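Reader: I have a chain open and want a quick tour. Can we start with the terms, then go through what stands out?

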Amino acid sequence: MLIAVGFAFGAACFGMATARNILLLYVAFASLRALGQGSLSINAILMVNQWFVSYRGRAIAFMGLGSVLSTAIFPPLARALIDNLGWRGAYAVLGIIVMVLIIPVSLLIIRNRPEDMNLLPDGRRQPSPVLPRQNTQVSQAMDPCTPSRTDQNPAQNEDRQGMRSPSFWMLALPLATPGMISTALVFHQTSIFQEAGLSATLAAGVFIIFAASAAFTSMIGGFVVERSGPKLLYGFAMLMLLLALTLAVVINSVFVAVLYVIAMGIANGSHQIVQGVIWAHYYGRNRLGRIQGPAMMIGISGAAIGPFPLALLHDLTGTYAAGMLLMMALPALSLLSIYFARPHANGTG
């Protein structure tokens, strides 16, 4: 899949570079979002969950550093390319870079599962020859390094039900809440700051603080989730999101604005870890893509919808405060939902 995505992502960049009408532009741009935010992310998370069990949290955290690093590198690189080659030339160069970074590594280095290399998760040696792929379930059940609380095999009824399972929705909908709220706030951040008498320059500049706090929190959260499980860390993320919404309502100075962005970053960093580990934690490694794919679709849909209600309420009331106060109900409801969720896949809640 990564090889296919690498080619398709590069082709989408070339499509942007050569688009000559609005339809082709929309198709290419939608492909960039689908392949980058969707396909690459889910395959990376799936791969980490296949290769790590006991150290899954910290592995997800280290993987997240790649996102932070790319956020620091690619915007200025793209700006330099646009200044020198124009935006079409910039997309063509980025298409080449994407293919060079993804395809050779996928061909030469990446392997789907540790069992394919006579290993167990977390880099441990396989005590017996690799079983045929159709016996993967048996090999997982015999896996001596797989903790029963985090990586037992999924029950057949849960695997068949997927999105029809109430437990799936009680996890998936709460996990969409942080993306929905944070996207809404970030999308309107300049206007929120200006409404509070702060500059648009400040609204853009605080993203550095956001990225730093998110990266720091995710690294700590990766180790914490291995000991506490994802529910406790998710609860912490929701509390920080409530704090961020409260600060957003009362922003009146640079100091409060910085506190708001730090709270947002901490909530985001914690949620990234939870989102990366929670599905494997409850459903195990077998056929994980069947569960994680629809869950990510729901999360991305929530992020896409998020800015619209806040904009609508602003138009109706003349202020962002009313919309942000109403949004505070979402973290509270999400906490209740995820607390009472009881997936049956491995008997843990």
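Author: Terms first. Buried means under 20% relative accessible area, exposed means over 50%, and partly exposed is in between, with a 1.4 Å probe and protein chains only. Residues are numbered from 1 along each chain as its sequence is written. This is a predicted model, where local features need pLDDT of at least 70, side-chain atom pairs count only at pLDDT 80 or more, and totals for chains, interfaces and linings use all residues; side-chain values use heavy atoms, with hydrogens and water left out.

Reader: Fine. What is the secondary structure of the protein chain?

Author: The chain has 16 helices and zero strands. Helices (H or I, at least four residues) and strands (E, at least two) are DSSP runs, numbered from the N terminus.

Reader: How much of the protein chain is buried?

Author: Buried residues are 45% of the 349 residues.

Reader: And what share of the contacts is between residues 24 or more positions apart?

Author: The share is 76% of the contacts in the chain with a separation of 6 or more. Contact here means heavy atoms within 4.5 Å.

Reader: Salt bridges next. How many are there?

Author: Four. The rule is a side-chain nitrogen of Lys or Arg within 4 Å of a carboxyl oxygen of Asp or Glu.

Reader: Which residue pairs with R58?

Author: E226 does, with 2.6 Å from N to O. The pair links distant parts of the chain: E226 is in helix α10 (residues 207-228) and R58 in helix α3 (residues 56-108), 168 residues apart.

Reader: Which residues are linked in a network of salt bridges?

Author: R113, E115 and R285. The closest N and O atoms of R113 and E115 are 3.6 Å apart. For R285 and E115 the figure is 2.7 Å. R285 lies in the loop between α12 (254-283) and α13 (288-305), and E115 in the loop between α3 and α4 (136-141), so this pair ties together parts 170 residues apart in sequence.

Reader: What is the relative accessibility of E115?

Author: E115 is at 5% and counts as buried. R113 is buried too, at 10%. R285 is also buried.

Reader: Switching to helix packing. How do α1 and α2 cross?

Author: The axes of α1 (residues 2-18) and α2 (residues 22-51) come within 9 Å and cross at roughly 155°. Axes are lines fitted to C-alpha atoms, for helices over the stretch in contact, and angles run from 0 to 180 degrees between N-to-C directions. The two helices are therefore roughly antiparallel. Angles over 145 degrees get that label, under 35 is roughly parallel, 65 to 115 roughly perpendicular, and the rest oblique.

Reader: Left-handed or right-handed?

Author: α1 passes α2 in a left-handed crossing. That means the near helix is turned anticlockwise from the far one by less than a right angle; clockwise would be right-handed.

Reader: Which residues make the contact?

Author: Among them are L2, V5, F9 and M16 of α1, with L25, F29, L32 and M47 of α2. By class, the contact has 14 nonpolar, five polar and no charged residues. Ala, Val, Leu, Ile, Met, Phe, Trp, Tyr, Cys and Pro count as nonpolar, Asp, Glu, Lys and Arg as charged, and the others, Gly among them, as polar.

Reader: What about α11 and α16? At what angle do they pack?

Author: About 170°, with the axes of α11 (residues 230-250) and α16 (residues 329-340) 9 Å apart. That makes α11 roughly antiparallel to α16. The contact includes Y234, M238 and L242 of α11 and L335, I338 and Y339 of α16. Its residues divide into nine nonpolar, two polar and one charged.

Reader: Last one, backbone. What is phi of N118?

Author: Near 60°, a positive value in a residue other than glycine. Most residues other than glycine have a negative phi. N118 sits in the loop between α3 and α4. N118 is partly exposed, at 34%.
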